[in-house]
Amino acid sequence: MSDPNKEFDGIKQGENPLPAWWKWVFLGSIIFGILYPIYFHGFSDWGTTEYYSAQVKEYTELFPNKNVAIQSQDGSNPMRGNANAIASGQTTFQTYCVACHGPTGEGLVGPNLMDKEWLHGNTDAQLYENVMKGIPFERTKLGRGPMPPHEMSLGSEKVYQVLAWLASRNLEIKPTK
Ligand code: HEC
């Protein structure tokens, strides 16, 4: 019996050289495989870093940062007493807060915001923190559910407006301690 590597089931191994075109494709692939990463990482702007920063740029143009902090030195609400801010704040409250704090802020599932009792502090800075960051379940005192954060949905300016409206209605909200 002849060498099974040379012949099997009547099929013969030819020992022919590989076709020239095949060798060129093979060699070409190796050269391409070396040059392409060098080009990609060193010279092209197709890398993920560039792509990522382009995407971030596009996103920030579409959704500008709402937290353009307009702050006061002592943490008091810079929009206190500002009539325009109070009016806008009332509108925002009607949209974002009434579901839980009631149409006039007298409380529903969320606590009454028009009385003298404060579970989480009554200064501008504390209210700002509570509304921006929310009150996670672990810190709730009523156990009726958490207070959601509003830093993404409203942002600092609108939150200050809402708090200016609240402060105009409830004198228990103090600018500072
Ligand atoms: C999904 C319901 C919900 C929404 C919407 C909501 N709140 Fe609340 N809020 C709560 C709950 C519940 C608490 C009390 C958490 C606890 O048990 O301590 C609370 C607490 C607060 C407190 C602290 C009160 C205190 O006594 O210290 C403030 C201030 C407040 N909310 C303001 C707002 C404002 C302003 C908005 C709108 C921008 C708003 N909330 C929207 C549910 C909500």
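A residue is called buried when its relative accessible area is under 20%, exposed when that area is over 50%, and partly exposed in between. The model discussed here is a predicted one.

Q: Is His101 buried or exposed?
A: The relative accessible area of His101 is 9%, and the cut-off for a buried residue is under 20%. Because 9% falls under that cut-off, His101 counts as buried.

Q: Which residues coordinate the iron atom of the ligand?
A: Two side chains of the protein are named as donors, one through its NE2 atom and the other through its SD atom, at 2.0 Å from the iron atom. The coordinating residues are His101 and Met147.

Q: Why is the arrangement around the iron atom of the ligand called octahedral?
A: Six donors count as octahedral if opposite donors are over 155 degrees apart and all others lie between 65 and 115 degrees. The iron atom has six donor atoms around it, and the arrangement is octahedral because of the angles that they subtend, which are 87 to 180°.

Q: Which residues come nearest to the ligand, and which helices each supply at least two residues of the shell around it?
A: The space taken by the ligand is the largest pocket, and 24 residues are found around the ligand. Of these, Cys97, Cys100, His101, His120 and Met147 come nearest. The helices that each supply at least two residues of the shell are α4 and α5.

Q: At what distance from an oxygen atom of the ligand does a backbone N or O atom of Leu119 lie?
A: Several polar atoms of the protein can be followed around the ligand, including a polar side-chain atom of His101, which lies 2.8 Å from a nitrogen atom of the ligand. A polar backbone atom of Lys141 is 2.8 Å from an oxygen atom of the ligand. For the backbone N or O atom of Leu119, the distance to an oxygen atom of the ligand is 2.8 Å.

Q: Where is Asp9 found, and in which loop?
A: Asp9 has a positive phi, near 50°, in a residue other than glycine. Asp9 is also exposed, because its relative accessible area is 71%. Its place is the loop between β1 (7-8) and β2 (11-12).

Q: What is the phi of Glu15?
A: Glu15 lies in the loop between β2 and α1 (20-42), and with a relative accessible area of 55% it is exposed. Although Glu15 is not a glycine, its phi is positive, at about 60°.

Q: What distance separates the C-alpha atoms of Leu142 and Ile38?
A: Leu142 is placed in the loop between α5 and α6, where it counts as partly exposed at 38% relative accessibility. Along the chain, Leu142 and Ile38 are 104 residues apart, and their C-alpha atoms are separated by 61 Å.

Q: What distance separates the C-alpha atoms of Gly143 and Val109?
A: Gly143 is found in the loop between α5 and α6, and its relative accessible area of 52% makes it exposed. Gly143 and Val109 are 34 residues apart along the chain, and the separation of their C-alpha atoms is 9.9 Å.

Technical notes
Residues numbered from 1 in each chain as written. Predicted model: local features only at pLDDT ≥ 70, side-chain atom pairs only at ≥ 80, totals over all residues. Heavy atoms only, no water. Donors = N, O, S within 2.8 Å, 3.2 Å for Na, K, Ca; no water. Tetrahedral: all angles 85-135°; square planar, octahedral: opposite > 155°, others 65-115°. Buried < 20%, exposed > 50% of the residue type's maximum accessible area, 1.4 Å probe, protein only. Near = heavy atom within 4 Å. Polar contact = N/O pair within 3.5 Å; in protein donor to acceptor, adjacent residues only side chain to side chain. 1 Å grid on protein atoms, 1.4 Å probe; cavity = no way out; pocket = protein on both sides within 12 Å on 5 of 7 lines; lining within 4 Å. Sits in = over half its atoms within 2 Å of the grid points. Helix = DSSP H or I, 4+ residues; strand = E, 2+ residues; numbered from the N terminus.
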